[in-house]
There are 2 protein chains.
Amino acid sequence: MNTTFLEACRGKKTSHVPVWFMRQAGRYLPDYQRVRSRRTFLELCKNPELATEVTLQPIDIFGFDAAILFSDILIPMEAMGLPLEFHDGRGPIFPEPVRDQKAAEALRVPDTEADMPFVLETIRLLRRELKVPLIGFAGAPFTLATYVIEGGSSKNFVATKGMMFHEPELYRSILDKITACTSSYLIAQAKAGAQALQLFDSWAGALAPCDYERFALPYVQTILADLRQHTDIPLIYFANNGATLLPYTSTLDADVLGIDWRIPLADAIRRAGPHAVQGNLDPLALFLPKEDLEARIAAMLADASEARGYIFNLGHGVVPETDPDQVKIAVDAVHRFSSQGN
Amino acid sequence: MNTTFLEACRGKKTSHVPVWFMRQAGRYLPDYQRVRSRRTFLELCKNPELATEVTLQPIDIFGFDAAILFSDILIPMEAMGLPLEFHDGRGPIFPEPVRDQKAAEALRVPDTEADMPFVLETIRLLRRELKVPLIGFAGAPFTLATYVIEGGSSKNFVATKGMMFHEPELYRSILDKITACTSSYLIAQAKAGAQALQLFDSWAGALAPCDYERFALPYVQTILADLRQHTDIPLIYFANNGATLLPYTSTLDADVLGIDWRIPLADAIRRAGPHAVQGNLDPLALFLPKEDLEARIAAMLADASEARGYIFNLGHGVVPETDPDQVKIAVDAVHRFSSQGN
């Protein structure tokens, strides 16, 4: 069993720097495309055997040091009672967005075992197969709220911020329910066998820091506190586009902060407080020629030498146009360069 | 003549804090919608009388302290020889993106007087009418390049970054031409009567800081140096989502740095070097109730008291859903609160 990832989460020195990539199981992989081509995205998420298969693919192909459950952050929102549609090329759609008290009250806090059994079954299947740790995950409440309030992806978050500013009680009632849902969902994942948990705050960077502090941070704090009462596995929080949020995120009771590519890694490490750091190669840097890609990775590893624990990752998810051979080059470089010093 | 805006650009104390908003002439205004409804967006940009009319609307209605030419950053790209289409709700499209040496060589550096006379005519008409300074503008080269290389708006900038990383000579040849075009376009605007010039780097924040330094910053430096040789009007550079780029942007030979809303204003001022600062209210903060909006503005003005020159603005453009009454509240609050201390 390769436990370097878990050790790095806890700030321990490891024999090499562990590496995994956000969206490492996904459309850039021909093996994934083959499985995905015969069913919808949601069907794939809800089929434990197939979700297991695609989760394992990048581990087998590239030798990543951690696996992450194949799923989607919006699965629990559907389980809260909101019909969810995915249309290729258009992103997720909630045809019945939550914009008033009646819709907020209609949201139910799901029971993961009863309402999303396929997620827990996937985790159990994966744990039988994996020789690396398995990461479970969920969306962070603000990010999830943007989808259910806007009715899908958004550019300016007019409905979400409008509600935040004009109907803060309604906003809070929705976020409280999403928070309760997320805590119990992640606790269930831990009980089923997840060995670390990551909260994805993909849209945190759309908020002014003062609004992040009021309208996003408290719900993350609640979830982390809930998780600490039920599990002692490492907790990771990733605020995308979050460089200016570090004064807040560095205070969180997480083990690891995920960092996007807009901030130099050395700066992020300096400002991450007592956390291990995970990140932050630009996903598009995988389009660099081999020598340049390796040079960039070497520079990041040098910058990370002072971290209290470091996990190599991208600064956001692998993009579909990525050449899998380039992923192989990157993973090998992280392993090779970080072993040399030991 | 109200010259507070120009004085603040130069770091002088003013009788009140000047204020203008990016996209202050635009879709949120019923008067704009009336003019726009009878023609396409490009027709409006190219009609000096109508472009003048919509430029003046927000000055007359709200009492902004500066006007900005109504136009689009992609107008000079069309003049470089690239067919340009705007489809409502879809953003701009270049059906013939620039992706190889042949397409790069076919780009011509336009002559503003001959190829975009409507822009200069609009400036001349505006100067006859305006009692506040007129800002001319252009897109910054990296931002313009993303549109012409991607063929329109983009999410991940795969074509642009791919070219940057794999064909840096091709990338540079395109950027050099866009840079030459932008310099001569802005010099022509200054000669026609623009009293300040702003460079919009809307997509700068998509770059890792190390790539910004190599692939975006040098072209901005070239334009600013070109402009300094031909005019002494204030120069403003706005890098959207640029908090982590401040170590670079603060070294630029601009008079003013525009700041987006993701960084606390006090932090931005501290890190802006010798520049005046312009920004940075979240455009969505215009959805706050009156008292909360006024409180936020008062806090920003307090934070700005240490700036070497401060111009109140949004952190990005006014969104179409904005209530014009809220814009009035904001402009009045900036004027009222900042006059009290004098």
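**Figure 1. A salt bridge between A:Asp267 and A:Arg270 in the predicted model.** In this predicted model, the side chains of A:Asp267 and A:Arg270 form a salt bridge, with 2.3 Å from N to O. Both residues belong to helix α15 of chain A, which spans residues 265-271. A:Asp267 and A:Arg270 are 3 residues apart in this helix, so about one helical turn separates them. A:Asp267 has a relative accessibility of 26% and counts as partly exposed. A:Arg270, at 62% relative accessibility, counts as exposed; the limit for that class is over 50%.

**Figure 2. A salt bridge between A:Arg108 and A:Asp115.** In this pair, the closest N and O atoms are 3.0 Å apart. A:Arg108 is partly exposed, its relative accessible area being 41%. A:Asp115 also counts as partly exposed, with a relative accessibility of 29%. Over all chains of the model, the count of salt bridges comes to 30.

Figure 3. B:Lys290 and B:Glu294 form a salt bridge in which the closest N and O atoms are 3.3 Å apart. The two residues lie in helix α16 of chain B, 4 residues from each other, which is about one turn of the helix. B:Lys290 is partly exposed, with a relative accessible area of 45%. B:Glu294 has a relative accessible area of 13% and is therefore buried, the limit for buried being under 20%. In chain A, A:Glu113, A:Glu121 and A:Arg124 are joined into one network by salt bridges that share partners.

Figure 4. Is A:Gln189 buried or exposed? Its relative accessible area is 0%, so A:Gln189 is buried. Apart from neighbours within four places in sequence, the residues in contact with A:Gln189 are A:Leu69, A:Val119, A:Leu120, A:Ile123, A:Gly136, A:Phe137, A:Ala194 and A:Leu197. Two of these contact residues, A:Gly136 and A:Phe137, fall within strand β4 of chain A, residues 134-139.

**Figure 5. The open sheet of chain A and its edges.** The sheet has 7 strands with parallel pairing, in the order β1-β4-β5-β6-β7-β8-β9. β1 (67-68) and β9 (310-314) of chain A stand at the edges of the sheet. Each of these two strands has a single partner strand, so one side of each is left without a neighbour in the sheet.

**Figure 6. Strand β8 of chain B and its two partners.** Strand β8 of chain B covers residues 276-281. Of its 6 residues, 6 are buried, so β8(B) is largely enclosed by the rest of the structure. Strand β7 of chain B, residues 256-259, runs parallel to β8(B) and is joined to it by 4 bridges. B:Gly258 has B:Gln278 in β8(B) as its bridge partner. Strand β9 of chain B, residues 310-314, also runs parallel to β8(B), and 5 bridges join the two. Here the bridge partner of B:Asn280 is B:Asn313 in β9(B).

**Figure 7. Two crossovers that meet at β8 of chain B.** β7(B), helix α15 of chain B (residues 265-271) and β8(B) make up a right-handed β-α-β unit. From β8(B), the chain continues through helix α16 (residues 290-303) to β9(B), and this β-α-β crossover is right-handed. The salt bridge between B:Lys290 and B:Glu294 lies in this helix α16.

**Figure 8. Chain A as the setting for the close-up views.** The secondary structure of chain A comprises 17 helices and 9 strands. Its C-alpha atoms fill a box of roughly 60 × 45 × 35 Å along the principal axes. Among contacts in chain A with a separation of 6 or more, 72% are between residues 24 or more positions apart. Chain A exposes about 12700 Å², and carbon and sulfur atoms supply 49% of this area.

Key
Residues are numbered from 1 along each chain as its sequence is written. Chains are lettered from A and ligands numbered from 1 in the order in which they are written. This is a predicted model: local features need pLDDT of at least 70, side-chain atom pairs count only at pLDDT 80 or more; totals for chains, interfaces and linings use all residues. Side-chain values use heavy atoms; hydrogens and water are left out. Two strands pair if DSSP finds at least two bridges between them. Buried means under 20% relative accessible area, exposed over 50%, partly exposed in between (1.4 Å probe, protein chains only). A crossover is right-handed if, with the strands pointing away from the viewer, the path from the first strand over the helix to the second runs clockwise. Contact means heavy atoms within 4.5 Å. Accessible areas come from the Shrake-Rupley method with a 1.4 Å probe; for residues, only the protein chains shown count as cover. A salt bridge is a side-chain nitrogen of Lys or Arg within 4 Å of a carboxyl oxygen of Asp or Glu.
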